[in-house]
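Hi,

Here is the structure I promised to pass on. My notes on its aromatic contacts follow below.

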Amino acid sequence: MTKNKTVLAWIDEMAAMCKPAKITWITGEESQLEALRAEAVATGEMIKLNEEKLPGCYYHRTAENDVARVEDRTFICTPTEVEAGPINNWMAPDEMYAKLKALYNGSMEGREMYVIPYSMGPVGSPFSKIGIELTDSIYVVLNMAIMTRIGDAVMKQLGDNPDAEFVKCLHAKKDVNPDERYIVQFPQDNTIWSINSAYGGNVLLGKKCFALRIASYLGRNQGWMAEHMLILGLENPQGEVKYICAAFPSACGKTNLAMLIPPEYLKKKGYKVWTVGDDISWLNIGPDGRLYAINPEAGFFGVAPGTSTKTNFNALESTKKGTIFTNVAINNADNTVWWEGLDKNPPVDATEWTGKKVNGPEYIAQGGKLAHPNSRFTAPAKNCPCISDKFEDPQGVPVSAIVFGGRRAKCAPLVYQSRDWQHGTFVGAIMASETTAAAAGAVGVVRRDPMAMKPFVGYNMAQYWGHWLEMGKKLGDKAPKIFHVNWFRKDDDGNFLWPGFGDNMRVLLWILDRCDGKVDADEVAIGYVPKVDDIDITGLDMTKEQLKDLLTIDNAEWMKDVDDPDTGIKQYFAQFGDQLPKEMAEELDKLIANLSK
Ligand code: OXD
Ligand code: MN
């Protein structure tokens, strides 16, 4: 497969430690993947689903203790603690390597080790990066084959130069013991080690571990950015497409926004939305000085519950072939899948996600869930009906606007624009989202999640803000405009004030009008909000008064957000000590002064 001495020496070293019975290179050929699927079905690792209704689709069930990313077991091992920063778990690299080597020792005895060369981004794009994942899991191989570009073409691209950059990724499922589970990034070594898990987010090492944690660190050193952002293209009736990147914490509708279907009256006028990515953006400054985005992934690793024809038709369509489903329920009547929110007909003859045969409606009536709330589909992006024709473009797409967002019952208006890049960086840094409250009217708990990167930043978050500021200086007046949205504002009775989903397009149109200088706005304490006539509410069951409420800023409420002793912005910033860029402190002072006027 390769003559690259660095690659071969590293594989030898890892194999000597893990002691697999056999080593197999993944070539990317369909025949090899098909043989692995057959093997996984024979051992029970995967179940083949109904070939007529779900061609090429498979089912996998994880251990019950291994169903989600484990933030408390995730480490950033930089030489000093300050490089990892106060919101990451840290251990000195030597100490962590010693601890993990003991765990990996002999961990693949009697098992096969697969070598997966993969490219994040189109193979050969100047913005793409290469990784090699060693794993003892066929499930990982088959998921990586959907989520990334794999195989011989990637090794050819890496070439034989022993100094060529690649990320060294090692995964051993071992015995999925949660007490000895570690997901560890060594940014200085371009290395990721994951052990004792077999759940996607912890073991598909190209995704969060590489494309966000390691890549954010590489980006800082190399002058680019790795962000937890979707990328969408919005086409107007004249056929011009403008691109928007948007960062939201989990459960705030990133996949839905990326695949948005415009309201009927806009569709009729000729507006369309094209998906470039639903989770991760790599952002580079292009030859014309503008910011360009590529989606480093090749598939969607989406949360299944809640996905339906109504909420996200395009995501559901993407799962109709060549998809791996993890921890959803099986409808035994026709060997297809089901999850909460798919439709109103849970299967009577069901196998729930842990493998128990149950009567679906009865099980749900007793408070059970057929699918795990974090059950997933791994679907090829090319299945998506609205995939952008720029999806494979090695140069990426030029970004007009960056949008941050969170789930806030009060406080954040439907949309506001930052004054400039520095202020926009501050708007991202103070991003927060609420846990939903059960009782009507009760306000949820605010969790700060800067740029939706809290669990994914590969170095000190304060230095990451510093890098954002540096990028802004390089971009100058070519920088995208930065906005903040909140689809989740509620009235005093706990009802959502904004319809969301496809109607979010109305807000995106205002955002692009602002980028083009086509509309004015009102300046308030936190930035610019739309004039009420500039958000089109044609066909909505909403009055101008209600829209006005959605755009109103309550200065006292904002001051609470600044001062809250547990979750306030002041308190949050304080933990970064002297690492906090002075510009962020200045912006906080400016916000306080504006709110006090
Ligand atoms: C994801 C996540 O899986 O953000 O994308 O957790
Ligand atoms: Mn994500």
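Which ring does the charged end of Arg73 sit over? The ring is that of Tyr182, with the charged end 4.7 Å from its centre. (A charge sits over a ring if NZ of Lys or CZ of Arg is within 6 Å of the ring centre and within 35 degrees of the ring normal.) Lys168 likewise has its charged end over a ring, that of Phe166, 6.0 Å from the centre.

Before you go further: this is a predicted model, where local features need pLDDT of at least 70 and side-chain atom pairs count only at pLDDT 80 or more, while totals for chains, interfaces and linings use all residues. Residues are numbered from 1 along each chain as its sequence is written, and side-chain values use heavy atoms, leaving out hydrogens and water.

Now the ring pairs. Searching the whole structure gives 22 aromatic pairs. (Rings of Phe, Tyr and Trp, the last by its six-membered ring, pair if their centres lie within 6.5 Å; planes under 30 degrees apart are stacked, over 60 edge-to-face, and the rest tilted.) One of them joins Phe210 and Trp282: the centres are 5.9 Å apart and the planes at 45°, so this pair is tilted. Both residues are buried, meaning under 20% relative accessible area with a 1.4 Å probe, protein chains only.

Tyr217 and Tyr459 have ring centres 6.4 Å apart and planes at 70°, so they are edge-to-face. Tyr217 counts as buried at 10% relative accessibility, and Tyr459 does at 1%.

Finally, ring pairs link Phe426, Trp465, Tyr572, Phe573 and Phe576 into a cluster.

Best wishes

Methods:
Chains lettered and ligands numbered in written order. Buried < 20%, exposed > 50% of the residue type's maximum accessible area, 1.4 Å probe, protein only.
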